[in-house]
Amino acid sequence: MFKPTNVVVATLSAVVALSACSSHQQSRSASSSPSPTSSTSAPAGAQTLSAELHTADGRSVATATFEFANGYATVTVKTTANGILTPGFHGLHVHAIGKCEPNSVDPMGGPPGDFMSAGMHYQAPGHTGEPPSGDLSSLEVRKDGAAYLVTTTDAFTRDDLLAGSKTALMVHGAEHGPDAEKRFACGVIGTG
Ligand SMILES: [Cu+2]
């Protein structure tokens, strides 16, 4: 008694349920943020987070700011020194753990490597799909090694990035090159 139409209906209702669930969560987090937290402390720049990205051998590479307003983040990444990053496009992601340790190990295991203890790409609470919440536009580096990117995302909130073990911003090696998967520069995202 197999009816293909039933399968289609079931799949459709699952998709509807999923999207309803995620929009419900978004409206919940948006409405919960202004009430108790804003009254306790609201200094100038309280909605901004920042990160200073360094290579595994300690060279300063870039600064990043996350400005949160109107339900989304404006992310600005600017190199601090030319010639350190390879020209081309570099993967740019928020990773799940606020650690930037050279020659470290992912908490899930695996071989050691630079900044591995920052964990996987960040996923906001309740988000499991692809792309992960922490994925950002790639960082395009000029031939002189400089880069300047302004992008925007509503995939996470300021509180998300500071919760628990905090988060880190990572620049990977040049895309399509041998080091594309490598973690080249890292900065813990914080209020500093
Ligand atoms: Cu990454």
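Trainee: What is the volume of the second largest pocket?
Mentor: On a 1 Å grid over the protein atoms alone, a pocket is an open set of points, where a 1.4 Å probe fits, with protein on both sides within 12 Å along at least five of seven lines. Grid points are joined across faces, edges and corners, and a volume is the space filled by probe spheres set on those points. For the second largest pocket, this volume is about 260 Å³.

Trainee: What kind of model is this?
Mentor: Residues are numbered from 1 along each chain as its sequence is written, and side-chain values use heavy atoms, with hydrogens and water left out. Local features need pLDDT of at least 70, side-chain atom pairs count only at pLDDT 80 or more, and totals for chains, interfaces and linings use all residues, since this is a predicted model.

Trainee: Which elements give two or more residues to the lining of the second largest pocket?
Mentor: Lining residues have an atom within 4 Å of a point, and 20 of them line the second largest pocket, with Gly173, Asp179, Lys182, Arg183 and Phe184 lying nearest its centre. Strands are DSSP runs of E with at least two residues, numbered from the N terminus. The elements that give two or more residues to this lining are strand 7 and strand 8.

Trainee: Is Lys182 buried or exposed?
Mentor: A salt bridge is a side-chain nitrogen of Lys or Arg within 4 Å of a carboxyl oxygen of Asp or Glu, and Lys182 forms one with Asp179, the closest N and O atoms being 3.3 Å apart. Accessibility is judged with a 1.4 Å probe on protein chains only, where buried means under 20% relative accessible area, exposed over 50%, and partly exposed in between. Asp179, with a relative accessible area of 35%, is partly exposed. Lys182 has 52% relative accessibility, so this residue counts as exposed.

Trainee: Why is the disulfide of Cys100 and Cys186 given the handedness it has?
Mentor: By the rule for disulfides, the count comes to one. The handedness of the disulfide of Cys100 and Cys186 is left-handed because the torsion about its S-S bond is about -70°.

Trainee: Which residues are the protein donors of the copper ion?
Mentor: Donors are N, O and S atoms within 2.8 Å of the metal (3.2 Å for Na, K and Ca), and water is not among the atoms, so sites may look incomplete. In sequence, the donor residues of the copper ion are spaced H-x1-H-x76-H. Two of them link distant parts of the chain, as His95 in strand 4 (residues 88-95) and His172 in strand 7 are 77 residues apart. Lying 2.0 Å from the copper ion, the protein donors are His93 (ND1), His95 (NE2) and His172 (NE2).

How values were computed: Helix = DSSP H or I, 4+ residues; strand = E, 2+ residues; numbered from the N terminus. Disulfide = S-S within 2.5 Å.
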